[in-house]
Amino acid sequence: SICGGGRYDDLTGIFGLPGDCESSQVVLISAPFDATTSYRAGTHAGPEAIVDGSLQVDLFDLDTGKPYERGIAVADVDENIAQWNAEARALAVPIIESGGTRATEGLTRINALCGRMNESVYVSAKHWIHRKKLVGLIGGDHSTVFGSIKAHAEMYPSMGILHVDAHADLRQAYEGFIWSHASIMYNVMERLPAVSRLVQVGIRDFGEVEFDYIENSDGRIHTFFDARLAKARLDGMSWKEQVDSIVSELPQQVYISWDIDGLDPTLCPNTGTPVPGGLSFSQAQMLLEGLVRAKKTIVGFDLNEVSPGDGNSGWDGNVGARLLYKMIGYALL
């Protein structure tokens, strides 16, 4: 729970800022972990890609003003996370390649390592929340956010989650991994009863069991499927009207969990599991703006599944950094 060491010192911190957590209103936790990624690995490098991309972001924002003046810093990374990820990933690869049929004793170890990562994120998030910081998490795959959501749910009972994603992430387990990126929202719904509502946007890849889980949630989960939103817009409904409808389903206090693949994949081509469709960057910004227009309180957030890929374009990190800055700006409003 310290801050400011290593590559985040001086003016090389995120957005080129000094990076002092104690004097910053916004503290970001980094979780470089993607052990159970099922299609393409690489999101463990997402936090670093976002930090690198952030140095290209102009800090005056037309819609949110000067968020940087409130201070934005990245807390020091728990070095154990990278070690846990390397061990768990090595054990997970043969299980993933077999489609989950090689569920050996390695599976127990993987689930345990994921649990350690969750606890590390939880402890860090809780520390900074209790110090009255606006806390965000940058992943890593989507499984990395559970500890952050848990810490926020303890501080803000009855909060809701705005979940932007291509996937419903409501699988009980995936390939045997109970902490899979595909199970994050199932784990939230089952393990964190304080979360009063899950509102999902951009969902366009899900299984029948996940659909049934949504339908049988007694209204606790409200999913705005991407195809239905697109059809309604083609029929003449404006995105602003849709945003207002989405936001109206959320309680006063909102946590945002944003998987980058909720965007059009041209904006995140290297993400772990890209799916055609999704939000444009302008639509993403309008969704955030809608929360402020409705006077919702953004209590915390995460951005996950950013991956730099094998090339050196920096595109995914660039887009991720800009989306992150927008989330911070609207949250501070």
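In this note, two residues are in contact when heavy atoms of theirs lie within 4.5 Å. Keep in mind as you read that the model is predicted.

1. Let's start with Val188, which sits in helix α5. Which residues is Val188 in contact with, once neighbours within four places in sequence are left aside? They are Phe146, Ile149, Ile161, Val195 and Arg220. Val188 counts as buried because its relative accessibility is 0%, and the cut-off for buried is under 20%. Gly147 is 41 residues from Val188 in sequence, yet 9.8 Å from Val188 in space, C-alpha to C-alpha.

2. Ser257 is another buried residue, again at 0% relative accessibility. You'll find Ser257 in strand β7, which covers residues 253-259. Not counting residues up to four places away in sequence, Ser257 touches His142, Val145, Ile161, Leu162, His163, Val164, Met185, Asp302 and Asn304. One of these, Asp302, also has a side chain joined to that of Ser257 by a polar contact of 3.0 Å. Then there is Asp165, 92 residues away from Ser257 in sequence and 8.5 Å away in space, C-alpha to C-alpha.

3. Now for the loop between β4 and α5, where His181 is found. Is His181 buried or exposed? His181 counts as buried, at 9% relative accessibility. Leaving aside neighbours within four places in sequence, the contacts of His181 are Thr36, Thr37, Ser38, Asp141, His142, Ser143, Asp169, Thr273 and Glu305. From His181 to Asn118 is 63 residues in sequence and 12 Å in space, C-alpha to C-alpha.

4. Gly176 lies in that loop between β4 and α5 too, but Gly176 is partly exposed, with a relative accessible area of 30%. With neighbours within four places in sequence set aside, Gly176 is in contact with Leu107 and Asn111. The C-alpha atoms of Gly176 and Tyr68 are separated by 42 Å, and the two residues are 108 apart along the chain.

5. A few backbone details deserve a second look. Most residues other than glycine have a negative phi, and most peptide bonds are trans. Glu175, in the loop between β4 and α5, has a positive phi near 55 degrees. Glu175 is buried, with a relative accessible area of 15%. Ser158 is not a glycine either, and its phi is positive at about 75 degrees. Ser158 belongs to the loop between α4 and β4 (160-164), and with a relative accessible area of 46% it is partly exposed.

6. Which peptide bond is cis? The one from Gly139 to Gly140 is, with omega near 25 degrees. To find Gly140, look in the loop between β3 (134-139) and α4 (146-155).

7. Helix α2 runs over residues 79-97, so you can count 19 residues in it. From first C-alpha to last, α2 reaches 28 Å, close to the 27 Å expected at 1.5 Å a residue. At the start of α2, a side-chain oxygen of Asp78 comes to within 2.9 Å of the backbone nitrogen of Asn80. Follow the helix along and there is a kink of about 30 degrees at Leu91, shortly before the proline Pro94. Just after α2, Gly99 takes a positive phi of about 70 degrees.

8. Stay with α2 for a moment and look at its buried residues: Ile81, Trp84, Asn85, Ala88, Arg89, Ala92, Ile95 and Ile96. An α-helix has 3.6 residues a turn, so residues three or four places apart point the same way. What covers the buried residues of α2? The cover includes β1 (26-31) and α3 (106-129).

9. Last, a pair of helices. Helix α1 (residues 46-54) packs with helix α10 (residues 315-332) at an angle of about 75 degrees, and their axes are 7 Å apart. Since angles of 65 to 115 degrees count as roughly perpendicular, α1 and α10 are therefore roughly perpendicular to each other. On the α1 side, Ala49, Ile50, Gly53 and Ser54 make the contact.

Definitions and conventions
Residues are numbered from 1 along each chain as its sequence is written. This is a predicted model: local features need pLDDT of at least 70, side-chain atom pairs count only at pLDDT 80 or more; totals for chains, interfaces and linings use all residues. Side-chain values use heavy atoms; hydrogens and water are left out. Helices (H or I, at least four residues) and strands (E, at least two) are DSSP runs, numbered from the N terminus. The expected span of a helix is 1.5 Å times one less than its number of residues. The bend at a residue is the angle between axes fitted to the seven residues ending there and the seven starting there. Buried means under 20% relative accessible area, exposed over 50%, partly exposed in between (1.4 Å probe, protein chains only). A polar contact is a pair of N or O atoms within 3.5 Å; within protein, one must be able to donate a hydrogen and the other to accept it, and residues adjacent in sequence count only if both atoms are side-chain atoms. Axes are lines fitted to C-alpha atoms, for helices over the stretch in contact, and angles run from 0 to 180 degrees between N-to-C directions. Angles under 35 degrees count as roughly parallel, over 145 as roughly antiparallel, 65 to 115 as roughly perpendicular and the rest as oblique.
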